Amino acid sequence: MDEQAGPGVFFSNNHPGAGGAKGLGPLAEAAAAGDGAAAAGAARAQYSLPGILHFLQHEWARFEVERAQWEVERAELQAQIAFLQGERKGQENLKKDLSKRRMRLG
């Protein structure tokens, strides 16, 4: 999962009907033919359903990993907060106790 799935995963010429001259994609074929409008249309048509599904699955898995990491970090921070609050309460109690002793002595 270290790889980032970018827009390139959508471009797939491995599906049926994506053949062409010398294995070129629709964009290259249209550019070779010199048809600018066909080239623009072919650029939009390069997204394949398997490529889109792969991208969505990859992004979902990455999101879940990040979410799990955030939850672990959140739990660690909450534990640290609880520890520090307990320490602060102990210091406040010590301060009160020392103030009472000081008042009794003098």
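Student: What makes helix H3 a helix, and where does Lys89 come in?

Tutor: Helix H3 covers residues 49-105, and Lys89 is found in it. It gets the name because helices are DSSP runs of H or I with at least four residues, strands are E runs of at least two, and both are numbered from the N terminus. By the way, this is a predicted model, where local features need pLDDT of at least 70, side-chain atom pairs count only at pLDDT 80 or more, and totals for chains, interfaces and linings use all residues. Residues are numbered from 1 along each chain as its sequence is written, and side-chain values use heavy atoms, with hydrogens and water left out.

Student: How many helices and strands does the protein chain have?

Tutor: Three helices and zero strands, so the pattern along the sequence reads α-α-α.

Student: How do you know whether Lys89 is buried, partly exposed or exposed?

Tutor: Set its value against the cut-offs: buried means under 20% relative accessible area, exposed means over 50%, and partly exposed is in between (1.4 Å probe, protein chains only). Lys89 has 47% relative accessibility, so it counts as partly exposed. Across the 106 residues of the protein chain, 10% count as buried.

Student: What makes Lys89 part of a surface patch?

Tutor: Lys89, Lys96, Lys100 and Arg104 form a positive patch. Patch residues have over 30% relative accessible area and no salt bridge; like charges are joined within 9 Å, and nonpolar side chains (Val, Leu, Ile, Met, Phe, Trp, Tyr) within 5 Å. Lys89, at 47%, clears that area cut-off.

Student: Why is the contact between Glu66 and Arg62 called a salt bridge?

Tutor: A salt bridge needs a side-chain nitrogen of Lys or Arg within 4 Å of a carboxyl oxygen of Asp or Glu. Glu66 and Arg62 meet at 2.8 Å, N to O, so they qualify. Being four residues apart in helix H3, they are separated by about one helical turn. Glu66, at 25%, is partly exposed, and so is Arg62, at 27%.

Student: What makes Asp97 and Arg101 a pair?

Tutor: Their side chains meet at 3.5 Å, N to O, so this is a salt bridge too. Asp97 and Arg101 are four residues apart in helix H3, about one helical turn. Elsewhere, salt bridges that share partners join Glu59, Arg62 and Glu66 into one network. The structure holds six salt bridges.

Terms used: Accessible areas come from the Shrake-Rupley method with a 1.4 Å probe; for residues, only the protein chains shown count as cover. Lys and Arg count as positive and Asp and Glu as negative; His and the chain ends are not counted. The place of a charge is taken as NZ of Lys, CZ of Arg, CG of Asp or CD of Glu.
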